[in-house]
Amino acid sequence: MNEKTVALVTGANKGIGYEIAAGLGALGWRVGVGARDEGRRTAAVAALRAGGADAFAVPLDVTDDASAAAAADLLAERFGRLDVLVNNAAVTGGPGQEPTAVDLAQVRLAVETNVLGVIRVTNALLPLLRRSASPRIVNMSSGVGSLTLQSDPEASTGPISAAYAPSKSFLNAVTLQYAKELRGTGVLVNLACPGYCDTDLNGHQGTRTPAQGAAVAVRLAALPDGGPSGGFFNEDGPLPW
Ligand SMILES: NC(=O)c1ccc[n+]([C@@H]2O[C@H](COP(=O)([O-])OP(=O)(O)OC[C@H]3O[C@@H](n4cnc5c(N)ncnc54)[C@H](OP(=O)(O)O)[C@@H]3O)[C@@H](O)[C@H]2O)c1
């Protein structure tokens, strides 16, 4: 029996995902670095290990069924279970997302990665999560996915977006359905908003560090048994839907 907590972070080769992996590593956990590009994956694992984290590589493209299945096989073979899944990987779909002019390919890419990718990876790994004593799922969302904030003209909700922001609203809605289905099973599933962070995703316009953005996900990944499920949180507490 392997007593160290085993976690997987998708899109962990850079940005907030990398810092989530570092944060989970600092808890003394084994952290799988889910990343689709071999070079970026290897470099991230090496950097995390150099920083003291017990990191290992997990080849994973969240848009690919076979890749998700292979990641599950890798974890099953090495550990026989998974304790924590952080669905962090996402794309914006690219610039120019006014709904009246958006290229449907942008919407498809955002939904395929940010929503279907989360369902695909979660369902591939749920059998392993169910073998954990304290399974946790953290889905990285965003305040831009809040319909309450989007319908408030005074709120700061990013650029007009027919792909990225609605993909996060969709993710929020799907996560609530997971929480409903998994209620009473011990699997806690929550949404994290990192705030506006300095990463490639926004051309480094964000004002917070990726490590600051990672903190809420690390907290939700380490929730005690009986903790909340089906919640949407940033570091200050619950966010409006
Ligand atoms: N930055 C912000 O201000 C902000 C605000 C709110 C929410 N968020 C959310 O926080 C999370 C992390 O964002 P970030 O800012 O750190 O973005 P980022 O720096 O662009 O990193 C995104 C990560 O996702 C990976 N990824 C994208 N598509 C993938 C796929 N098909 N399969 C596997 N990995 C894939 C990328 O890998 P590659 O290197 O291979 O592309 C990269 O590792 C996202 O869910 C994002 O929506 C960010």
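Thr157 is found in the loop between helix 5 (147-150) and helix 6 (164-182), where helices (H or I, at least four residues) and strands (E, at least two) are DSSP runs numbered from the N terminus. The model is a predicted one, in which local features need pLDDT of at least 70 and side-chain atom pairs count only at pLDDT 80 or more, whereas totals for chains, interfaces and linings use all residues. Residues are numbered from 1 along each chain as its sequence is written, and side-chain values use heavy atoms, with hydrogens and water left out.

With a relative accessible area of 12%, Thr157 is buried, a term that stands for under 20% relative accessible area, with exposed meaning over 50% and partly exposed in between (1.4 Å probe, protein chains only). Residues up to four places away in sequence aside, Thr157 touches Val144, Leu149 and Gln150, contact being defined as heavy atoms within 4.5 Å. The side chain of Gln150 also makes a polar contact with the side chain of Thr157, at 3.4 Å; such a contact is a pair of N or O atoms within 3.5 Å, and within protein one must be able to donate a hydrogen and the other to accept it, while residues adjacent in sequence count only if both atoms are side-chain atoms.

Ala44, placed in helix 2, counts as buried because its relative accessibility is 4%. Not counting residues up to four places away in sequence, Ala44 touches Ala12, Asn13, Tyr18 and Val33.

The largest nonpolar core has 31 residues, of which Val9, Ile20, Leu24 and Val86 touch the most other members; a core of this kind is a set of buried Ala, Val, Leu, Ile, Met, Phe, Trp, Tyr and Cys residues joined through side-chain atoms within 4.5 Å. The elements giving two or more residues to this core include strand 1 (6-10), helix 1 (15-26), helix 2 (38-50) and helix 7 (210-221), and helix 7 gives the most, with 6 residues. Leaving aside neighbours within four places in sequence, Leu24 is in contact with Ala7, Val9, Trp29, Val31, Val86, Val218 and Ala221. A second, separate core of 28 residues includes Phe79, Ile137, Tyr178 and Val187.

A search of the whole structure finds 2 aromatic pairs, rings of Phe, Tyr and Trp (its six-membered ring) being paired if their centres lie within 6.5 Å, with planes under 30 degrees apart counted as stacked, over 60 as edge-to-face and the rest as tilted. Phe56 and Phe79 form a tilted pair, 5.1 Å centre to centre with 50° between the planes, and both residues are buried.
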